[in-house]
Amino acid sequence: MPVTRQTVVIALRGLEVDAVHGVFDFERQEPQRFVADVTLWVQADGALAADDIAGTVSYAEIADEVVSILQGQSASLLETLADRIARAAMSYDGVEGVEATVHKPDAPMPHAFDDVSVTVRLGAVDLTPLALTRADIYDAGAGSVLTGSTGTGGASEGGKHGQADGRRAALPSPVVVGPRSVVIAIGGNLGNVPVTLASVVEALDYVEGFSVSDVSPLLRTRPVLDEEQQEQPDYWNAVVLGTFEGDVSSLLEQTERIEREFGRERNEHWGARTIDIDIVQVEGTTSSDPALMLPHPRAHERAFVLAPWVLADPSAVLEGVGPVAELLEECDDREGILDAIDDWLEDPEGIIEESDEVLAASARDEADGPAGPEGPQRQSGARSAA
């Protein structure tokens with residue numbers, strides 16, 4: 001009688017290491033806590049028959065490998081670290097599948113949270129032992145799509161779901177069929193920003209799968225800074241509305257490519273920048289992936305995002321939060337909106353100089369008497385968003 005081929009599942013959980021990884025420069029200076037989970041699917045008939053470690057994989061060796069990777073070359077992304085671990089584990093004889101998760105429980109975010117993690121899967125991965133109930137999967141609300149892992153093999157893309165402890169379940173996710181509406185915020189405060197933003201809008205319209213449907217008025221706003229940050233030039237902000245058909249991770253990659261092409265450098269948290277492109281919302285999609293959290297976790301408190309958005313779409317709703325117009329009323333930084341310019345894409349070259357003149361005239365008027373109820377407004381049809 002033939003012997004049934006047996007697979008051993010080896011799991012290593014909670015391997016903690018202090019290391020220096022992250023997008024920001026300050027994350028490369030002081031070690032932070034990283035935690036790794038690794039699951040191996042191993043063809044180990046020899047070990048089962050002979051009770052011999054030579055026929056399987058030593059979890060102690062895997063632990064050494066993981067520690068070496070985490071304490072090795074710095075990486076910007078958790079995705080990179082998880083992929084390095086998964087590929088190293090796949091190189092061991094008998095390993096047929098790997099699931100590697102890297103947690104960053106002390107990630108620099110201005111919100112209370114339990115954990116952030118990214119999972120990479122390679123090879124033949126059977127997720128049945130890790131399966132969650134459908135109530136667990138859909139706890140974010142009907143029709144949501146939870147993403148938090150990147151995959152280069154194993155389960156299909158539709159079968160990846162996130163959970164706080166980094167596990168993934170092999171249940172199909174709800175999928176929005178056809179083009180989805182997308183909200184993208186663009187801004188910057190270095191160089192001739194209106195000219196840069198006009199070029200960015202054009203570049204976005206060439207992004208594969210993305211089509212621009214409307215662009216908001218351009219707002220000039222005071223910078224939002226940490227207490228100890230030095231002063232910065234005013235920001236210029238707009239919102240691009242469009243539709244996208246494809247993998248949201250592809251949209252993120254393409255917007256990051258545009259940022260690089262226009263000279264974006266990430267040297268300081270909330271630092272001055274030539275361009276910033278944020279995917280604020282993708283219709284019917286939620287994500288807990290630290291690389292792309294959807295809807296944007298701070299959009300509801302940012303007047304420089306909500307104000308141009310509501311000017312472009314007065315009935316806009318931030319999914320899972322509420323109407324954009326109502327959220328704007330609650331924003332503390334509404335007073336930081338200085339100017340709003342319609343039709344700015346037609347001639348962006350002289351906008352900064354013209355806005356300077358408008359604000360200077362407004363300052364003179366305030367010195368002579370009470371300010372008017374509308375605030376600073378351009379004569380050529382600008383709308384005050386405050």
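Modeller: Let's start with terms: helices are DSSP runs of H or I with at least four residues, strands are DSSP runs of E with at least two, and both are numbered from the N terminus. This is a predicted model, in which local features need pLDDT of at least 70 and side-chain atom pairs count only at pLDDT 80 or more, while totals for chains, interfaces and linings use all residues. Residues are numbered from 1 along each chain as its sequence is written, and side-chain values use heavy atoms, with hydrogens and water left out.

Biologist: Which helices supply at least two residues each to its lining?

Modeller: Those are α2 (59-70) and α3 (78-90), and α2 gives the most, with 4 residues. The lining consists of Ile-62, Glu-65, Val-66, Ile-69, Ile-85, Ala-88 and Ala-89.

Biologist: Is strand β6 enclosed or open?

Modeller: Buried means under 20% relative accessible area, exposed over 50%, and partly exposed in between (1.4 Å probe, protein chains only). In β6 (residues 180-188), 8 of the 9 residues are buried, so the strand is largely enclosed by the rest of the structure.

Biologist: Which strands are joined to β6 by bridges?

Modeller: Two strands pair if DSSP finds at least two bridges between them. β6 runs antiparallel to β9 (residues 235-244), with 9 bridges, and Ser-181 has Thr-243 as its bridge partner there. β6 also runs antiparallel to β10 (residues 276-282), with 6 bridges; Val-182 is partnered by Val-282 in β10.

Biologist: What joins the side chains of Thr-119 and Thr-101?

Modeller: A polar contact is a pair of N or O atoms within 3.5 Å; within protein, one must be able to donate a hydrogen and the other to accept it, and residues adjacent in sequence count only if both atoms are side-chain atoms. Thr-119, in strand β4 (residues 117-123), makes such a contact of 2.6 Å with Thr-101. Likewise, Ser-355 in helix α9 (residues 351-368) has a side-chain polar contact of 2.9 Å with Asp-339.

Terms used. On a 1 Å grid over the protein atoms alone, a cavity is a set of points where a 1.4 Å probe fits but cannot get out, and a pocket is an open set with protein on both sides within 12 Å along at least five of seven lines; lining residues have an atom within 4 Å of a point.
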